[in-house]
Amino acid sequence: KPKPDVAPVFADNPRVFHMIAHSHDDLGWIIPERDYSNLIVSRVIRTSADFIINNPGSKFSMCNIGFLKHWIDQDAINNTALFKKAVDTGRMEILNGGYAVHDNAAVYFDDIISTYEYGREFVYQHFNYITRTGWLIDPFGLSLTTSRIYAEMGYNQYVTNRMSTWERDLMRNSSQLQKNWV
């Protein structure tokens, strides 16, 4: 038997952990979105795209199309070409597809639809890319509307991580941490 102060060995039941390099930038959270984009996020986008192109074994996931649009607007020809090259390799994934990630706790249906309509159209027109992953890793509340909208938009998966401890434990104990919709 393992000692209580020693980490357990999972030889009979190995664990698989997925580490996903991704952007996590909130559009207009503390400072105006244009300032935040210029000060921080534009560098994240450029260096990530450059790194992916020069390092074939790497991947990056981008969220919040509003920041991507601001970056493209700074130098449309060069920035679009650089990002499209990264997307075309299959190693730059665009998550969620909304201009901004909507808040599940207090949002109007029309607001959700508008942010995805605008963001997904921008991504398709500039990169010929259709987002297939719903990505809400920092929501304040969960909404059945979000799951339904993602399913109806043809998303293959919905990734979220904020839930109460008791809810996570209940789902884990009943083998329901992974959800599929039809």
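**Salt bridges and a helix crossing, put to their definitions**

Reader: Why is D73 called partly exposed?

Author: The relative accessible area of D73 is 42%, and a residue is buried under 20%, exposed over 50% and partly exposed in between (1.4 Å probe, protein chains only), so D73 is partly exposed. This is a predicted model, in which local features need pLDDT of at least 70 and side-chain atom pairs count only at pLDDT 80 or more, while totals for chains, interfaces and linings use all residues. Residues are numbered from 1 along each chain as its sequence is written, and side-chain values use heavy atoms, with hydrogens and water left out.

Reader: What makes K69 and D73 a salt bridge?

Author: Their side chains come to 2.8 Å, N to O, and the rule asks for a side-chain nitrogen of Lys or Arg within 4 Å of a carboxyl oxygen of Asp or Glu, so K69 and D73 qualify. K69 and D73 are four residues apart in helix α2, which means a separation of about one helical turn; helices here are DSSP runs of H or I with at least four residues, and strands are runs of E with at least two, numbered from the N terminus.

Reader: What makes R172 and D169 a salt bridge?

Author: The closest N and O atoms of R172 and D169 are 3.6 Å apart, and the two residues are three apart in helix α6 (residues 165-173), about one helical turn. R172 is partly exposed at 45%, as is D169 at 30%. The rule gives a count of four salt bridges.

Reader: Why are α2 and α4 called oblique to each other?

Author: Helix α2 (residues 65-74) and helix α4 (residues 109-127) pack at about 45 degrees, with axes 10 Å apart. Angles under 35 degrees are roughly parallel, over 145 roughly antiparallel, 65 to 115 roughly perpendicular and the rest oblique, so this pair is oblique.

Reader: Which residues make the contact between α2 and α4?

Author: I65, L68, K69 and I72 of α2 meet Y118, G119, F122, V123, H126 and F127 of α4, contact being heavy atoms within 4.5 Å.

Technical notes: Axes fitted to C-alpha atoms, helices over the stretch in contact; angles between N-to-C directions.
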